[in-house]
Amino acid sequence: MNEQAAPFLTLEHITVRYLDKTLFTHLDWEVLEGQQWAITGSSGAGKTALLNTIAGKFNVINGGIHYHFYEQYRRRHTITDPYFTYRNLIAQVAHHHNFRNRSNTTDFYYQQRFNSMDASDAPTVQQYLYGETAGAPQEDPLLLPLRIGPLMHKELIKLSNGETRRVMIAKALLQKPVLLMLDNPFTGLDVQTRQHFMDMVDRIIESGITVLLVTSPTEIPGNITHVLTLDHGVITGKHTRSEFRQGELPAATATAPAPSIDAEQLRALIDPAPRPFQTIVRMEHVRVLYGEHLILDDINWTVQPNEKWALLGPNGAGKSTLLSLINADNPQAYANELYLFDRKRGSGESIWDIKRKIGFVSPELHQYFPAGNNCLQVVCSGFHDMLGHTRTATPEQLAHARGWMDLLGIAAYAAQPFKQVPESIQRLSLLARALVKNPPLLIFDEPCQGLDPQQKQHFKSVIDTLCAVMELTMIFVTHYQEEIPNAVTKVLRLEKGRVAAS
């Protein structure tokens with residue numbers, strides 16, 4: 001890198017607060033023109049907070065941020081808009097979407113994508129990108145690497161994980177930013193899609209846009225030139241790409257032994273009563289169709305009590321739809337030969353009868369809890385299978401919920417707002433929420449998103465200890481082989497909505 005390169009962005013001795021919390025103290029960092037940075041660190045290190053600080057969302061109470069690229073832009077362009085600021089030149093793509101219904105008055109709800117009438121209230125990709133009335137350009141060269149064309153008439157709520165990320169990045173690129181900030185864009189994607197996304201980031205950089213990328217230290221695109229490491233709001237390293245690759249991974253990202261789980265404490269929390277079911281799940285020739293789009297095709301699958309399954313397949317294979325049938329979120333269950341807990345769907349049981357027997361953990365759930373809920377309230381919502389604190393927990397339920405939080409090492413976060421704690425704490429809170437009712441079936445849909453290597457090991461240790469101590473059936477979905485618990489002994493693989501050959 002040319003030592004004479006001009007500064008692009010400078011964070012000079014900044015102290016940053018958000019609400020009543022100090023996020024950074026006396027932090028210094030400079031990005032030069034031509035540099036592209038990856039930001040890595042353990043969960044809760046401050047990576048997302050750093051992007052939000054640069055975007056102007058948090059209060060810098062000491063020091064200052066110098067947006068040199070903004071000053072250069074003003075010198076080179078005639079700006080007539082009195083409200084034009086550096087924010088107009090920054091596009092930020094968060095890890096979670098903030099899509100809204102077409103009425104712009106109602107947020108999406110979790111089951112909306114599976115209900116065809118309600119899903120139609122969601123905007124299409126074209127409407128989201130270009131407005132309700134405007135048509136998309138015939139061929140927008142800026143979006144070519146994103147392969148958006150085939151998605152234009154698809155409702156946002158029906159997009160797969162990878163499709164959602166592509167659309168969010170497309171929206172950001174249409175702002176024609178000078179600085180693009182991406183927060184964990186590869187998480188939750190299958191191997192092939194992750195590689196495509198890394199190639200896509202490389203092409204965005206080649207177009208002349210500066211990129212700041214929060215990512216895992218093992219998933220850094222080729223055109224990234226520098227790596228910043230963080231730990232608890234402190235910069236622990238500023239490396240060139242080659243320096244980072246030649247050295248050992250920072251201690252914060254290295255895999256450490258998982259904390260042990262207190263088996264006796266666990267036994268005190270679980271119900272030892274035997275499970276009376278002959279079959280947990282039985283599907284016979286299941287098909288799910290939306291319009292002309294076949295999502296699941298001739299699925300035959302039986303899950304017996306105490307079996308531990310991994311449900312695998314690429315993005316868009318139909319895994320989430322399959323889980324929605326089991327979890328009583330998809331009305332097409334009634335049109336299929338589907339048996340849950342020895343009863344055929346549609347034989348008189350309510351969705352609440354089914355949900356009472358299932359503990360469900362998914363990173364998507366994070367988005368559907370009210371902003372005011374604290375972590376303990378989120379855990380207690382599991383007693384009633386509600387996505388939000390709508391009923392007052394009894395003293396016994398509160399004590400039981402706190403017991404699970406203590407076992408999982410998150411008791412200190414009980415009173416903190418759920419949406420303001422690190423993703424690792426959110427994920428473990430959702431695990432506690434799933435476990436409080438001692439369900440016979442646990443469904444984990446990519447539960448390790450947002451966890452660092454040590455926390456993934458901790459999560460696996462919890463699951464394996466649960467499986468060793470209590471009778472339970474498990475379905476585990478992931479795109480990372482190393483996340484699969486040791487207790488898993490069976491695999492169902494989907495490809496394009498069909499069961500793939502073993």
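Predicted model: local features only at pLDDT ≥ 70, side-chain atom pairs only at ≥ 80, totals over all residues.
**Helices, a sheet and some aromatic rings**

Let me begin with two helices: the axes of helix α13, residues 423-435, and helix α14, residues 453-469, come within 11 Å and cross at roughly 10°. Angles under 35 degrees count as roughly parallel, and α13 and α14 are therefore roughly parallel to each other.

Helix α5, residues 161-173, and helix α6, residues 191-206, have axes that come within 12 Å and cross at roughly 5°, and that makes α5 roughly parallel to α6. The residues that meet here are G162, R165, R166, I169 and L173 on the α5 side, with F197, M200 and I204 on the α6 side.

Now let me move to a sheet. In general, the strands of a sheet pair through backbone hydrogen bonds, and they do so either parallel or antiparallel. Which of these do we have here, and in what order do the strands come? The sheet is an open one of 3 strands, in the order β2-β1-β4, and the pairing is antiparallel. The edge strands are β2, residues 21-32, and β4, residues 59-66, each of which pairs on one side only. If we ignore direction, neighbouring strands of this sheet are turned by 0° against each other on average.

Helix α2, for its part, lies across β1 and β4 and runs at about 130° to β1.

That brings me to the aromatic rings. A pair of aromatic rings is described by the distance of the centres and the angle of the planes. The count for this model comes to 12 aromatic pairs, and I will take you through two of them. In the pair formed by Y67 and F69, the centres are 6.0 Å apart and the planes stand at 90°, an edge-to-face arrangement. Are these two residues buried or exposed? Buried means under 20% relative accessible area, so Y67, at 11% relative accessibility, counts as buried, and F69, at 3%, counts as buried too.

The other pair is Y70 with F84, whose ring centres are 6.3 Å apart and whose planes are at 20°, so this pair is stacked. Where do the two residues lie along the chain? Y70 is in helix α2, residues 68-76, whereas F84 is in the loop between α2 and β5, so the pair ties together parts that are 14 residues apart in sequence. Both Y70 and F84 are buried. There is also one aromatic cluster to point out, formed by F8, Y67, F69 and Y86.

R282 lies over the face of Y339, at 4.0 Å from the ring centre, and K357 lies over the face of F341, at 5.7 Å from the ring centre.

I would like to finish with a few single residues. Most residues other than glycine have a negative phi, and with that in mind we can turn to H285, whose phi is near 55°, a positive value. H285 sits in strand β10, residues 281-290, and at 52% relative accessibility it counts as exposed. K496 also has a phi near 55°; K496 is placed in the loop between β18 and β19, and at 79% relative accessibility it counts as exposed.

How far apart are the C-alpha atoms of F360 and N327? They are separated by 8.0 Å, although the two residues are 33 residues apart along the chain.

Technical notes
Residues numbered from 1 in each chain as written. Heavy atoms only, no water. Phe/Tyr/Trp six-rings, centres within 6.5 Å; stacked < 30°, edge-to-face > 60°. Buried < 20%, exposed > 50% of the residue type's maximum accessible area, 1.4 Å probe, protein only. Helix = DSSP H or I, 4+ residues; strand = E, 2+ residues; numbered from the N terminus. Lys NZ or Arg CZ within 6 Å of the ring centre and 35° of its normal. Pairing = 2+ DSSP bridges. Axes fitted to C-alpha atoms, helices over the stretch in contact; angles between N-to-C directions. Contact = heavy atoms within 4.5 Å. Parallel < 35°, antiparallel > 145°, perpendicular 65-115°, else oblique.
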